[in-house]
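Please read this briefing beside the sequence and the coordinates. The points are grouped by topic, from the whole chain down to single residues.

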Amino acid sequence: MREEEKKPTSTIRRILKQRWALSAIYIASAAIILAAAFLLQNSFGDSAKDGKEESAETGKNYGEPSVEVNSNLETIKMPVANADKSVIKKQFYDVNADEKAQEDALVFYNNRYEQNKGIDIAMEDGKSFDVKASLSGNVTKVQDDALLGNLVEVEHEDGVVTRYQSVKDIKVAVGDKVKQGQAIATAGKSQINEEAGVHVHFEIRKDNIALNPLDFVDKQASAIQSATEAEADKEETPAVEGSEADKETPAVEGSEADKEETPAVEGSEADKEETPAVDETDGSTDLESGTDEEGSVPGEDTTEESDSLKESLNQSN
């Protein structure tokens, strides 16, 4: 048994004693290391190749015109090429404006007055002109309407929509992406506002609420969101103040009025304190002094009468 256990060990020793044994071990180790390095290099090369292909796909359309993704960073422009040569035929109806301005912002049609929800823009010479996109966005509506003079609606971020009415020769379709300043139609006429002539009716809406476009021209689109939030805060504030006033002011004023209303208090006090005191004192003085209510003394009247009787008797005697 001992000889059989020693055979493997002796075989390994005999191999290691050979001159080529160590060289073979080194060569085998080197081959294993090189193979591992080669595999790692190939794996890195494949990942780099995939990254290049992805970057190539990403930059495939580089240089082609693209639509502005974040329209909030754009500055709102008038929907005309030459704003300096344009005129406002009819202003936006502002509920906070004076009576004259509100009358001028009414549109009369079919024996009825309508509030103007935008501004009507025309050229000084009255000629037709290209209608430009005020902001970049997506076309969501193109509608033929003789009354309004056709309609193009462009949707932007945060519920903002721009509308272009009284237009013709529409150059866009639903689903198109338009860039700011891109021509989308040509100015035309409408039945609802024939007095304006050749014009474009331009609206800005936030959550379907019409806003005055002139309040936001040359401002970033994000100003619309800020303005609507500020307006919402103003509308909420009076309700809060009113509730506070209902809770606090009447109670305080009522209590103060009850405390400070001296006539009622003085009158009641006077009835209780002053009047009885005066009557009692007058009564006591009359009883003590022996005078009647008119200030005469009853005793004096009887003595005067007795004296006069005596004098008359003396004279008669």
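This is a predicted model: local features need pLDDT of at least 70, side-chain atom pairs count only at pLDDT 80 or more; totals for chains, interfaces and linings use all residues.

Among the contacts with a separation of 6 or more, 63% are between residues 24 or more positions apart.

**Nonpolar surface patch**

- Ile12, Leu16, Leu22, Ile25 and Tyr26 form a nonpolar patch on the surface, and together they have about 530 Å² of accessible area.
- Helix H1 (2-17) and helix H2 (19-58) each contribute at least two residues to the nonpolar patch, with the largest share, three residues, coming from H2.
- Leu22 is located in helix H2, and it counts as partly exposed because its relative accessibility is 49%, where exposed would require over 50%.

**Nonpolar core**

- In soluble globular proteins, nonpolar side chains tend to be buried together.
- The largest nonpolar core in this model consists of 32 residues, and Val131, Tyr164 and Ile184 are those with the most contacts inside it.
- At least two residues of this core come from each of several strands, including S4 (119-123), S7 (151-155), S8 (160-165) and S11 (183-187); S12 (200-206) and S13 (209-211) likewise each supply at least two.
- Once neighbours within four places in sequence are set aside, Ile184 is in contact with Val131, Ala133, Val152, Tyr164, Asp169, Ile170, Lys171, Val172 and Val178.

**A buried lysine without a salt bridge**

- Lys132 belongs to strand S5 (residues 130-132), and it is buried yet has no salt bridge.
- The nearest side chain of opposite charge to Lys132 is that of Asp130, at 4.5 Å, whereas a salt bridge would need a side-chain nitrogen within 4 Å of a carboxyl oxygen.
- Not counting residues up to four places away in sequence, Lys132 touches Pro79, Val80, Ala81, Tyr164, Gly181, Gln182 and Ala183; of these, Tyr164 is also among the residues with the most contacts inside the largest nonpolar core.

- Asp207, which is not a glycine either, has a positive phi of about 55° and is placed in the loop between S12 and S13.
- Asp207 counts as exposed because its relative accessible area is 52%, the cut-off being over 50%.

Conventions. Residues are numbered from 1 along each chain as its sequence is written. Side-chain values use heavy atoms; hydrogens and water are left out. Contact means heavy atoms within 4.5 Å. Patches are made of residues with over 30% relative accessible area and no salt bridge: like charges are joined within 9 Å, nonpolar side chains (Val, Leu, Ile, Met, Phe, Trp, Tyr) within 5 Å. Accessible areas come from the Shrake-Rupley method with a 1.4 Å probe; for residues, only the protein chains shown count as cover. Helices (H or I, at least four residues) and strands (E, at least two) are DSSP runs, numbered from the N terminus. Buried means under 20% relative accessible area, exposed over 50%, partly exposed in between (1.4 Å probe, protein chains only). Lys and Arg count as positive and Asp and Glu as negative; His and the chain ends are not counted. A nonpolar core is a set of buried Ala, Val, Leu, Ile, Met, Phe, Trp, Tyr and Cys residues joined through side-chain atoms within 4.5 Å.
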